[in-house]
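Please read the following report alongside the sequence and the model.

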Number of protein chains: 4
Amino acid sequence: MSENRSEEKETGRLEAFSDGVFAIAITLLILQIPVPDLTKNAPDLLTQLGNQWATYLAYLVSFMVILVMWVNHHIIFRLIHRTDQLFLILNGLLLMVITFVNYPMAVLARSLQESKVPEDRLMFDQHTAALLYNGTFIVIAIIYNVLWRYASRNRRLLSKSADPLLVETINKQYRFGPLFYAAAFLLAILSVWGSLVLNLLFAVYFAFTGRAKSPNEKLVEH
Amino acid sequence: MSENRSEEKETGRLEAFSDGVFAIAITLLILQIPVPDLTKNAPDLLTQLGNQWATYLAYLVSFMVILVMWVNHHIIFRLIHRTDQLFLILNGLLLMVITFVNYPMAVLARSLQESKVPEDRLMFDQHTAALLYNGTFIVIAIIYNVLWRYASRNRRLLSKSADPLLVETINKQYRFGPLFYAAAFLLAILSVWGSLVLNLLFAVYFAFTGRAKSPNEKLVEH
Amino acid sequence: MSENRSEEKETGRLEAFSDGVFAIAITLLILQIPVPDLTKNAPDLLTQLGNQWATYLAYLVSFMVILVMWVNHHIIFRLIHRTDQLFLILNGLLLMVITFVNYPMAVLARSLQESKVPEDRLMFDQHTAALLYNGTFIVIAIIYNVLWRYASRNRRLLSKSADPLLVETINKQYRFGPLFYAAAFLLAILSVWGSLVLNLLFAVYFAFTGRAKSPNEKLVEH
Amino acid sequence: MSENRSEEKETGRLEAFSDGVFAIAITLLILQIPVPDLTKNAPDLLTQLGNQWATYLAYLVSFMVILVMWVNHHIIFRLIHRTDQLFLILNGLLLMVITFVNYPMAVLARSLQESKVPEDRLMFDQHTAALLYNGTFIVIAIIYNVLWRYASRNRRLLSKSADPLLVETINKQYRFGPLFYAAAFLLAILSVWGSLVLNLLFAVYFAFTGRAKSPNEKLVEH
């Protein structure tokens, strides 16, 4: 009894800390949208805002991706009741890469608004930025897989009451996560906007289906 | 019993995450006030601070609006005890637009302090900025309506003990929210300062009346 | 019973939100220290770091002041168990001014490192910045007084078990808070460094004595 | 009983506030990586990203160090159940220096990417930055020692159930912390990259061994 309570408390503080990092990382994204230059030689504000549509799209995608990641974190921590040293480190790495999303977002936003650069150099930079951006998502998906497999293998860190079918369902879903992001990565070679739109579709798809349900959840919960 | 506890826990973590985003979004606003330029050719600091009064007003308005939004969130989450997938997404969109307030605040602040630009261009930019700023508030009010109607329709996600009269009162209040902000939006076409002052009046009004009270709250709570 | 629990929950979320804003406001201070310019024509890094000592002092003072304010908030919320609409607004104003400290901190830091400006203009700007900085602390101390007097008058929002002697002790302490900061404000007219040092002494003094103790606390707690 | 509950609540709010500051400080690090300049005369983005590898390493080190510090905080607060005035201040100083890590990280990152400066001046600035960076870690380790010794001496603030052998183990580990960081500090005089790599090795080492285990923990917990 005493053991259980101390375990729950520890996971609780880890969840609270993780939630804090997620909340800050997702909120800092807004600082990555460049504020238009309103000095004399720049175009008027309305024109500049109109030219920034791709940056707004990147903001939307980044926000949705981190939000979906938070929901995932939420779901698997309902099953995980214990922690150990390696799990703390893996979770720390995950938080680091989630936070890191702000950097490729900033790089991508800057590349999308640059205009006084020769066209081919601009294209090269924008594709570089989009690959960095999508590559970050692949790394996140891989770390999620490692984290979850470490926690769930032989039910190492799972709660005794964690539903085995639900665990299996998450296993299956996670297997495909990196492949999704790899597809968007490859598309970024061809089209920056295309890969942003694909990422948005993924985020919406994950948002609506990502909440793993055990086939017998109704039996379990009602 | 077990079902109720697990539901409450889930809403709890959603509230804590939302509170975190609200707290960060409201605190980042201070970074959007431009720090005066103290180099040789700029006016002295006192003059510059005096010229920034409209920016301080915009900061005050932004802070009050997000604060009122947080109080609203607080109120409706006292009635909401369950979540589902679509509700998580709607709440995520709400948080995104709350966070986004920092961007139009930064754009407005910059447009208000620019001075080396021809007068008509400056006016155009300031009105553009004020419309973006007020437009963001309209979007927030609309998403709040959608979120609340989704949760309260047929008491979908409400607690069993949620007072029907209180639910009805909130329904009525929310119906007018977007209209208030639309009025400030229209006023921004005529006067940037006027729309800021109107927004401040709204925030003060909502702050003092926004806490929905059921007509029979006294009976319920005492 | 049901009434008490719902009251506690509400204060709990208000405290958590306030803690979040305090934590963010105190952490953002670090962003206000200007990063040295390492380009060709600037002095070397070591020289620049040495010249920034007053900025580090301002950082230390700002951090200590917000920390002391957080401890105060902590103390009075142990006595306050209920909220009402006006109290939410006063607490919101308090959080706004706590957050605002970042702005005068940034202005002061910039004025302290400027060097290519004529000496008398520089002096004028530095004193202006120090007065803005100290003026903010006076406003914080006044809002704390209003907040506490509103909550404690006729024990309006206090817990039934709040010790009357402790309430009286806090009343006395708060009465002098604005005077302390007014002294530092006046000193800033004469000496910028002097007022920073005085603020630091106040923060250390408050830190060691600020935790109000009821004369009969020993009887109450042991 | 009443005494115990009020004590735990107080430590709880202190932990939550500390967690908030840790979470924000660790997340702000990402803002310290300079976003590449994509204007006409700069090298292309891929080249610039490649040249920034040392900055990414510094980001990784900073993140890992703060994460390890958070885990340490977590561990000792499981043993600490009471607070007093001096402990609050020591904890506040600790949080201040944790937050401060962002500043030397920003200075180091800027010194690492500068290139239009004469070689010997560049070397001098980079070593200065690395010493500031490592010096901050020494200060953190010293404050941790002071904080822990204050709390654990004569079990001043420890829980009655805190395992004496675990307390002793932490005592031993903390004694060496400052020496580790002093070694990295000295190495920074010779090699900036070398000291970064050594810091990373320390962080990984602490991450895997830092979770103090009492020799009889198995007996205690199972």
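Predicted model: local features only at pLDDT ≥ 70, side-chain atom pairs only at ≥ 80, totals over all residues.

Side chains of opposite charge can pair when their charged atoms come close.

## The interface of chain D and chain C

How many residues of chain D are in contact with chain C? The count is 40 residues of chain D, in contact with 43 residues of chain C. Between them the two chains bury about 3700 Å², and carbon and sulfur atoms account for 68% of that area. Arg13(D), together with Phe17(D) and Tyr103(D), supplies 22% of the area that chain D buries against chain C, which is more than any other three residues supply. Two salt bridges are found across the interface of these chains.

## How the copies are related

Chain D can be superposed on chain C with an RMSD of 0.0 Å, using a turn of 90° and a shift of 0.0 Å along the axis. This is the relation of a four-fold axis. In general, two copies of a chain are related by a rotation about an axis and a shift along it.

Do the copies meet through the same surfaces or different ones? Only 8% of the interface residues of chain D are also interface residues in chain C, so the copies meet through different surfaces.

## Other salt bridges

Over all chains, the structure holds twelve salt bridges. One network of salt bridges links Arg13(A), Glu15(D) and Asp19(D).

Other pairs lie within a single helix. In chain B, Arg121(B) forms a salt bridge with Asp125(B), and the closest N and O atoms are 2.9 Å apart. Arg121(B) and Asp125(B) are separated by about one helical turn because they are four residues apart in helix α6 (residues 119-152) of chain B. Both Arg121(B) and Asp125(B) are buried.

In chain C, the side chains of Arg121(C) and Asp125(C) meet in a salt bridge of 2.9 Å, N to O. Both residues belong to helix α6 (residues 119-152) of chain C, where four residues, or about one turn, separate Arg121(C) from Asp125(C). Arg121(C) and Asp125(C) are both buried.

## Fold of chain A

Chain A has nine helices and zero strands. Along the sequence the pattern is α-α-α-α-α-α-α-α-α. Of its 222 residues, 60% count as buried. Among the contacts in chain A with a separation of 6 or more, 79% come from residues 24 or more positions apart.

## Surface of chain A

Chain A exposes about 9200 Å², of which carbon and sulfur atoms supply 64%. A nonpolar patch on the surface is formed by Leu186(A), Ile189(A) and Leu190(A), which together have about 340 Å² of accessible area.

Ile189(A), one of the patch residues, is found in helix α7 (residues 164-190) of chain A. Its relative accessibility is 49%, so Ile189(A) counts as partly exposed. The cut-off matters here, because a residue must be over 50% to count as exposed.

Key. Residues numbered from 1 in each chain as written. Chains lettered and ligands numbered in written order. Heavy atoms only, no water. Patch = residues over 30% accessible without salt bridge, like charges linked within 9 Å, V, L, I, M, F, W, Y side chains within 5 Å. Areas by Shrake-Rupley, 256 points an atom, 1.4 Å probe, with all protein chains shown as cover. Salt bridge = Lys/Arg side-chain N within 4 Å of Asp/Glu carboxyl O. Helix = DSSP H or I, 4+ residues; strand = E, 2+ residues; numbered from the N terminus. Buried < 20%, exposed > 50% of the residue type's maximum accessible area, 1.4 Å probe, protein only. Least-squares fit on C-alpha atoms with pLDDT ≥ 70 in both. Contact = heavy atoms within 4.5 Å. Buried area = accessible area lost by both parts, 1.4 Å probe.
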